[in-house]
Protein chains: 2
Amino acid sequence: MDEVKIIEIKKSVYADNDAAAGVLRQELKARGVYLLNLMSSPGSGKTTTLIRTINLIKDKIRVAVMEADIDSDVDAVKIKQATGIESIQLHTGGMCHLDAGMTRQGLENLAPGGADLVILENVGNLVCPAEFDTGAVCNAMILSVPEGDDKPLKYPLMFSVCDLVLVNKTDVLPYFDFDLDRCREHVRMRNPKARVIPICAKTGEGVDAFAAWLLEQVAAWKTN
Amino acid sequence: MDEVKIIEIKKSVYADNDAAAGVLRQELKARGVYLLNLMSSPGSGKTTTLIRTINLIKDKIRVAVMEADIDSDVDAVKIKQATGIESIQLHTGGMCHLDAGMTRQGLENLAPGGADLVILENVGNLVCPAEFDTGAVCNAMILSVPEGDDKPLKYPLMFSVCDLVLVNKTDVLPYFDFDLDRCREHVRMRNPKARVIPICAKTGEGVDAFAAWLLEQVAAWKTN
């Protein structure tokens, strides 16, 4: 039960990552697979958020998760234990991000038969992952309350490339100088069309809104 | 009062960063300047910690700060306003880390006459900054309680290269599943000689221990 597949991914062979990402996205479209690239700082709550969310949607659509980490397989094991869905670990061998070629290696290691939604939990890093198109249909990120509402000012590219920002750990809002309205304003400066959803992965508050958003996205990707 | 010097740093011209870092460290030794490279995730409290600490030591030694960020100058301005010491902003132009050549460019822009201690606040990132020797005498990092005590498992290199780990935001320990003993154990796995100091930059608790450590380090660097 505690065993998960661990893939040691190699540096991408593609010279042009944008082209490789475009090809991968077309293939995913043809197969009806929605790939979400989830990014954040270390410790913002990606894995806990995924567990809550997957348990809300796993009876409606088929979900698989690819956990990227420099080392360890704690996240993939946690996801598998807590949700029962397919979860594999991608080891980046020290690399600070995933590109389209590396993402493809992960997808090829998922069980055949497929998933409607594959979630890629990228390396915890607000800088480099934003620079590489993974081939995902959508980029999302988690900003946790303890990190501060000024992060869109300091990490502009990350917030520019994400169409969804989950503001996590809202249960500790009383203990931190974090203003949700100011945060929304900062996010809008970087990406006017980005949606902001406040959640608390620990208590589950707001996670239903993220789950509903995901179901809509997957349905639209399959039909449009 | 709100104006700080902003340096747009260029990609390093040095092919061999380790050699360049070694040369820089020797020069700093000759000049009696202690350079501390402070790293962490985004939002772990680097700037707040520095303000508290600098106000405890600025009457004893001459301190200057170099704030590295991809964009914005909010941190350098904050430091200058709250401490009155020299504080400059290094813009990395999207780069996720600093190397020795970039650090040298920053040092050359500090006011002549010198400082006993220069603190480099590196880009908020637990991955890439750990891979590049900046020429600093010592690497230190801040791990904040909300990030979780498992971070040394996931970001092994960062914890291997740091001889000091400040565990910040201890005031919110009751609200998070963070165990200080388990954290110390994880840090020791990566670097048996690393010192761990729990602090709360917001309230000031524990910051005196960090300040005392810094004063000792600077004195030893100047005399040994």
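## A:Pro152 and its surroundings

Leaving aside neighbours within four places in sequence, A:Pro152 is in contact with A:Phe159, A:His186, A:Val187, A:Met189 and A:Arg190; two residues are in contact if their C-beta atoms, placed from the backbone, lie within 7 Å. A:Pro152 belongs to helix α5 of chain A, residues 151–154. Helices (H or I, at least four residues) and strands (E, at least two) are DSSP runs, numbered from the N terminus. With 25 C-beta neighbours inside 10 Å, A:Pro152 counts as buried. The term buried applies if 20 or more other C-beta atoms lie within 10 Å of a residue's own, exposed applies if there are 12 or fewer, and partly exposed covers what is in between, with C-beta atoms placed from the backbone. Between the C-alpha atoms of A:Pro152 and A:Glu3, 149 residues apart along the chain, the separation is 37 Å.

## Reading the model

This is a predicted model, in which local features need pLDDT of at least 70 and side-chain atom pairs count only at pLDDT 80 or more, while totals for chains, interfaces and linings use all residues. Residues are numbered from 1 along each chain as its sequence is written, and chains are lettered from A and ligands numbered from 1 in the order in which they are written.

## Chain A as a whole

Chain A has eight helices and eight strands. Its radius of gyration is 16 Å, close to the 17 Å that the globule rule gives for 224 residues, so chain A is as compact as a globular protein of that length. Here the radius is taken over C-alpha atoms, and the rule is 2.2 Å times the number of residues to the power 0.38. Along the principal axes, the C-alpha trace of chain A spans about 45 × 40 × 40 Å.

Of the 224 residues in chain A, 52% are buried. Counting contacts in chain A with a separation of 6 or more, 80% come from residues 24 or more positions apart. A:Thr223 counts as exposed, with 7 C-beta neighbours inside 10 Å.

Strand β3 of chain A (residues 63–69) is mostly covered, with seven of its seven residues buried. On one side sit A:Val63, A:Val65, A:Glu67 and A:Asp69, on the other A:Ala64, A:Met66 and A:Ala68, and all are buried.

Two strands pair if DSSP finds at least two bridges between them. β3(A) runs parallel to strand β5 of chain A (residues 117–121), joined by five bridges, and A:Val63 has A:Leu117 as its bridge partner there. Six bridges join β3(A) to strand β4 of chain A (residues 86–91), also in parallel, with A:Val65 opposite A:Ser87. Together with helix α3 of chain A (residues 74–83), β3(A) and β4(A) make a right-handed β-α-β unit. Right-handed is the label if, with the strands pointing away from the viewer, the path from the first strand over the helix to the second runs clockwise.

Strands β7 (residues 164–168) and β8 (residues 195–198) of chain A pair in the parallel sense over four bridges. A:Val167 has A:Pro198 as its bridge partner in β8(A). From β7(A) the chain crosses through helix α7 of chain A (residues 180–190) to β8(A), and this β-α-β crossover is right-handed.

## Strand β2 of chain B

Over in chain B, seven of the seven residues of strand β2 (residues 34–40) are buried, so β2(B) is largely enclosed by the rest of the structure. Parallel pairing links β2(B) to strand β5 of chain B (residues 117–121) through five bridges, with B:Leu120 as the bridge partner of B:Asn37. Five bridges also join β2(B) to strand β6 of chain B (residues 138–144), again in parallel, and B:Leu36 is partnered by B:Cys138.

## How the two chains meet

Across the interface, 30 residues of chain B are in contact with 30 residues of chain A. On the side of chain B that touches chain A, α5(B) gives the most, with three residues.
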